[in-house]
Amino acid sequence: MTTENKHEGSTHHLREYGAQTPGTKGIPGKKRYSMVIDLRKCIGCMSCVVACKAEYGVPLGVWRTWVMVADKGRYPDSRRIFMPRLCNHCDYPICVRNCPTQATFKHEEGFVLQRYNRCIGCRTCVVACPYNARHFLPAKRTNNNLPKLVVDKCTFCIHRVKKGLVPACVQACVGGARVFGDINNPKSEVAKLVAKERVSVLKPELGTSPSVYYIGGDWEIMDETHNYKNRSAQQKAEFNTFKRNHHGDAFGDIVEGENTMHHVGKNMSDFLASIQHKYHDVVAALKQLLFG
Amino acid sequence: METIITYNAVHHNPWGTPITIYFWLVGASAGSFVLSAFGWVFGIKRYKPLALTASILAIAMLMIVPVLLIWDLGKPFRFIYLMLPGFWHGTAPMAWGSLLILSYPISMFVYTYFVIKNDQKWAKIIGIIAIVLALSTHWYTGVVMELNPGRYINHTPLAPLLFLTGAFISGIGLMILVLWIQNQFMREEKKIKWALMEEMGQYMMYGIVFDCFLLFLDFMQTQYGTASENIGHHTVLMEIFFTPYVWLEAVIGLIIPLLILVSPLKRTRLGVYSASLLVAGGVYGMRIWWVMGGLYMQSFY
């Protein structure tokens, strides 16, 4: 085990508040599924993103996993670096302790999961998550049976893992950069990699104890503040276009470089517009309650 | 060696304008209720004539809150889950808040009933409970975002104090304006005396000074704090949220009213009424930068 894991072993009682958040990392006899992403092997092909989208029918504009891209250095001494992102399935998840209805919970084997039938769509967990790993499902889905207007997230493909398969993103990774397994089992590949390699996690200072480890992580792409400061002009434009053209749900999107108060007002009109499709949902729920 | 981020997934700010309005309404409601309690709970008799107006104003503002909060949910009908024992999650600040938002208006209704009945004993007992609930409800609006360590702008223990001070001054400001309007329709002997409103203006001034002090503490924290706090302040609040942060909150909501209330204008009706209007509106600026500004930076991560 690495120094970090020894540290985990000695501190795992510190944050065991919240109805469903016992830390299982390093606990003998317990499974603790984790992922190691070897960034030296990632080629930025986005197969993982496509596999995930296909596995769950993830709607446009939201992601369970995505790959960040950065350009490091100046030509001719430059290179492109990638960093796949997903839910970190924290041992001490802020989203779980802050969810008011126990809709999100931590499975004993380490999966942080979402129960759609309990979720009220308050988005507290989205506010709580420091990794942007959660998203709000839109009102319009291609398949009407899929959940809507609730929060969704990566599940570490628990349905596949329980059948002895690896998550879809791991299966699809052409470079073998993503490795998945039980970190509590010293014979597993993830445990061996974490023991042998220098690994880093995202935002370790927050005390969440993430279960996604990166090998060869570059601090500049991993750091939120650096990310914000060093966005390319193209990325700023992309974000602004996305936020400007978004209508219909109650988000607090502000477009950089445009009148903030205008967008505060527009946000309110989006909220009022969203009442229409929520109203149908309320009527349907009432009918269900009264007439079964 | 410089690293430029060229692609990332785009993320929404999860909370928006309805939440900012809710924070403002709860604050102004709590502030108004404190004034109502001056006479019946704290025994300052000259405040008794305005107690009923103040508590009705507090109730009226709080009645709008559920409309905003429930329709802001993805599943509005499921708001009931927040109160059901099988769902209620004791470690979640929002779970505490749901109980407070439910119990605070009930206690205010009961308090107002005893005020109308002129029952000093019960008005005082229920008033004490209601004032604790009023302050707790607004304290909760501070902590609901504070207890997210990943949100650097919001993650400060000053949050509840900033909210409560803003509530106090915006509540007084709004109350002075309502009393002014009420006086237009009252017989001379029923009118709220100008001296009382002048005194409320002075309380508002003390609150503004304390709010400025808290903002200064927050500013110092961002200057000497972590890179995230510093960048959050310099590039998010001072650039993108410049209008609500500097113009609306600092200049319109605090500096101009403070200048009015320390000058001879504090003895004039125009001075006190305009300061009240500016404070009541200006505090909304804080709610905007707190919610939307606090969530902004991470949407790029």
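Start by colouring chain A by domain: the assignment, which comes from an automatic or database source, gives domain 1 (3-229) and domain 2 (233-291). You're looking at a predicted model, where local features need pLDDT of at least 70, side-chain atom pairs count only at pLDDT 80 or more, and totals for chains, interfaces and linings use all residues. Residues are numbered from 1 along each chain as its sequence is written, chains are lettered from A and ligands numbered from 1 in the order in which they are written, and side-chain values use heavy atoms, with hydrogens and water left out.

**Stop 1: between the two domains**

The C-alpha centres of the two domains of chain A lie 27 Å apart. Six residues of domain 1 are in contact with six residues of domain 2 (contact means heavy atoms within 4.5 Å). Together these domains bury about 510 Å²; that is the accessible area (1.4 Å probe) that two parts lose on being put together, summed over both. Now select A:Arg123, A:Phe136 and A:Leu149, which supply 61% of the area that domain 1 buries against domain 2.

**Stop 2: over to chain B**

Show both chains. Here 90 residues of chain A are in contact with 66 residues of chain B, and the area buried between the chains is about 7,400 Å², with carbon and sulfur atoms giving 61% of that. Click on A:Ile120, A:Val127 and A:Tyr228: in chain A, these lose the most area to chain B, together 10% of what that side buries.

**Stop 3: a salt bridge**

Across this interface the rule finds three salt bridges. Next, select α11 (260-291) of chain A, one of the elements that give two or more residues to the side touching chain B. With 14 residues, α11(A) gives the most to that side. (Helices, H or I with at least four residues, and strands, E with at least two, are DSSP runs numbered from the N terminus.)

**Stop 4: strands across the chains**

Finish with β2 (65-74) of chain A and strand β1 (residues 3-7) of chain B. Four bridges join these strands, which run antiparallel; DSSP must find at least two bridges for two strands to pair. Zoom in on A:Lys72, whose bridge partner in β1(B) is B:Thr3.

Definitions and conventions: A salt bridge is a side-chain nitrogen of Lys or Arg within 4 Å of a carboxyl oxygen of Asp or Glu.
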